[in-house]
Amino acid sequence: MRREGIRPVSFTFSALFKACAGLANVELGRQIHAQTFLIGGYECDLYVGNTLIDMYVKCGFFESGRCVFDEMPERDVISWTSLIVAYAKSGDMEAAAELFNGLPEKDMVAWTAMITGYAQNAKPREALKLFESMRDAGVSTDEVTLVGGISACALLGAGKHAKWIRDLAEKDGLSPSTNVVVGSAMIDMYSKCGSVGEAYQIFKSMKEKNVYSYSAMIVGFAIHGKANAALELFYEMVETDTKPNRVTFVGALTACSHAGMVQQGRRLFESMKRDYGVTPEVDHYACMVDLLGRAGHLEEALNLAATMPIEPNGGVWGALLGACRIHGNPAIAEVAANHLFDLEPNSIGNYIVLSNIYAVAGMWTDVSRVRKLMREKGLRKNPGCSWMEAEDGIIHEFFAGDMTHPKSKEIKEALEELLQTLKRNGYKPNLSSVVHDIGDGEKERLLKTHSEKLALAFGLLTTIAGTPIRIVKNLRVCEDCHTVMCGASLIMRREIVLRDNMRFHHFHDGVCSCGNFW
DNA sequence: ACAGAGTGAG
């Protein structure tokens with residue numbers, strides 16, 4: 001076109017930037033960006049500017065997007081929304097909210113960008129609050145808005161919220177059975193709310209299924225420990241026209257890993273490239289290290305991490321470290337931890353796991369060495385937080401050590417009574433779950449303040465006898481709390497469903513669905 | 001008329 005001497009119009013540039021965004025090719029984008037100045041005039045065009053911001057944001061170059069925005073002589077709601085998305089993607093929701101609040105005319109897409117931003121940054125309550133304000137403001141919502149709300153409900157893991165948004169979707173004519181995006185989002189939501197059966201009902205009802213629908217369902221089975229169902233669905237999927245992708249394999253491999261199905265996992269991994277044309281990436285190697293390590297093949301897992309054809313990341317070494325915790329192997333743990341301290345020097349969890357492994361092995365000098373390292377780096381423990389949905393749909397949050405809940409006194413008493421009963425039945429507090437350098441009495445006191453125990457006591461106090469108690473936790477559940485949940489399910493004759501940051505634990509009659517293998 | 005929001009894993 002340029003050789004022919006035909007002068008491009010602004011749409012020509014918009015189309016080019018859109019193509020660069022699709023290819024995530026920022027280099028090419030920058031070259032064409034320079035052309036807008038050379039040919040002249042286009043850098044002032046609103047459409048060109050907006051596509052440019054979008055291209056930089058989609059390629060992850062937020063600063064460049066911001067520069068374009070700042071230099072635009074004229075901006076509209078689309079320019080502002082692109083910038084809101086940029087801040088949301090970089091994790092700065094405060095900045096995004098400031099821009100949004102300053103917008104004189106907020107349209108549906110701007111509202112939706114904020115809702116989705118909160119959901120993507122793990123702030124479900126903010127997302128749902130905004131979703132309601134949007135509807136109250138009389139702004140119309142579409143399937144994209146709804147999916148933002150559905151993701152927020154998935155994060156919350158609360159059944160009544162799930163039902164509420166489902167009813168809303170049906171009322172708006174966006175049924176999961178006819179809308180593949182809504183359906184896929186709801187599969188994820190129901191399985192993260194603990195209702196994997198309901199998720200499967202949705203899946204079966206869907207007229208159209210894509211790779212998201214299958215992957216969400218496979219992952220749903222995996223996090224509930226239903227490895228056979230996950231693999232059966234995988235083999236059902238490959239008989240259809242829907243091709244599995246990298247995420248599908250992460251889900252299927254995770255399923256094998258949680259169930260200790262080493263042979264199936266190995267076969268699946270070997271078949272990825274050969275039978276399905278999906279090249280294993282670093283996450284798949286992490287799944288394999290996890291699979292081998294959990295099953296006790298620690299040397300082989302270490303060997304895989306050390307010799308894999310791509311550079312291992314924190315996920316790979318983290319999986320190995322986790323396996324060393326399960327099997328109590330301080331020697332290999334040290335190798336994994338050293339890599340992790342290089343790759344993620346400020347990630348507190350790795351120091352805590354290593355220190356726990358040393359403590360269980362009675363290696364107290366090493367325990368204090370790791371603790372000293374943590375102190376020197378000024379790292380603080382992430383606060384543990386658990387929550388549960390009450391009968392009226394209100395979410396009650398509990399933080400470790402926090403006694404500000406209005407029912408704190410009753411909760412403390414109920415927990416004390418439960419623990420006494422458990423002790424009479426042979427429960428001993430697992431003091432090595434506490435990393436701090438304090439006396440045993442203090443350790444036991446600290447264990448009693450763990451957020452999932454507070455939530456459990458609250459559940460025992462406020463829910464109807466015989467109904468399941470459902471709790472969600474932000475971190476991995478600790479050894480001692482896991483034991484207490486098992487015991488409580490037997491003594492109180494209650495089913496307890498606990499979602500931690502990795503998976504679900506279904507406690508029933510004193511045993512957990514994870515087989516104490518998590 | 002072109003341009004901004006989307007579901008699955010870690």
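User: Which of the 40 residues around DNA strand B come nearest?

Analyst: In this predicted model, Lys18, Tyr47, Asp107, Asp142 and Asn245 come nearest among the 40 residues around DNA strand B, where a residue is near a strand if one of its heavy atoms lies within 4 Å of it. Of the atoms of DNA strand B that come within 4 Å of the protein, 38% belong to sugar and phosphate. Local features need pLDDT of at least 70 and side-chain atom pairs count only at pLDDT 80 or more, whereas totals for chains, interfaces and linings use all residues, and side-chain values use heavy atoms, with hydrogens and water left out. Residues are numbered from 1 along each chain as its sequence is written, while chains are lettered from A and ligands numbered from 1 in the order in which they are written.

User: What makes the approach of lysine 18 to a phosphate oxygen of DNA strand B a polar contact?

Analyst: A polar side-chain atom of lysine 18 lies 2.6 Å from a phosphate oxygen of DNA strand B, and this pair counts because a polar contact is a pair of N or O atoms within 3.5 Å.

User: Which element gives the most to the surface near DNA strand B?

Analyst: Helix 7 gives the most, with 6 residues; helices here are DSSP runs (H or I, at least four residues), strands are E runs of at least two, and both are numbered from the N terminus. By class, this surface has 18 nonpolar, 11 polar and 11 charged residues, with Ala, Val, Leu, Ile, Met, Phe, Trp, Tyr, Cys and Pro counted as nonpolar, Asp, Glu, Lys and Arg as charged, and the others, Gly among them, as polar.

User: What lines the second largest pocket?

Analyst: There are 29 lining residues, of which Lys58, Thr81, Val85, Val109 and Ala113 lie nearest the centre of the pocket. Helix 3 (46–58), helix 5 (77–89), helix 7 (108–120) and helix 9 (143–156) are the elements that give two or more residues to this lining, and helix 7 gives the most, with 8 residues. The lining comprises 12 nonpolar, 11 polar and 6 charged residues, and the pocket has a volume of about 820 Å³.

User: Why is one space called a pocket and another a cavity?

Analyst: On a 1 Å grid over the protein atoms alone, a space is called a cavity because a 1.4 Å probe fits there but cannot get out, while a pocket is an open set with protein on both sides within 12 Å along at least five of seven lines; lining residues have an atom within 4 Å of a point. Grid points are joined across faces, edges and corners, and a volume is the space filled by probe spheres set on the points. The structure holds 2 cavities of 30 Å³ or more. The largest cavity contains about 60 Å³ of space; strand 3 (469–473) and strand 4 (496–499) each supply at least two residues of its lining, which divides into 6 nonpolar, 2 polar and 3 charged residues. The second largest cavity, with about 40 Å³ of space, is lined by Leu419, Lys423, Tyr427, Pro429, Glu444, Leu447 and Lys448.

Key:
A polar contact is a pair of N or O atoms within 3.5 Å; within protein, one must be able to donate a hydrogen and the other to accept it, and residues adjacent in sequence count only if both atoms are side-chain atoms.
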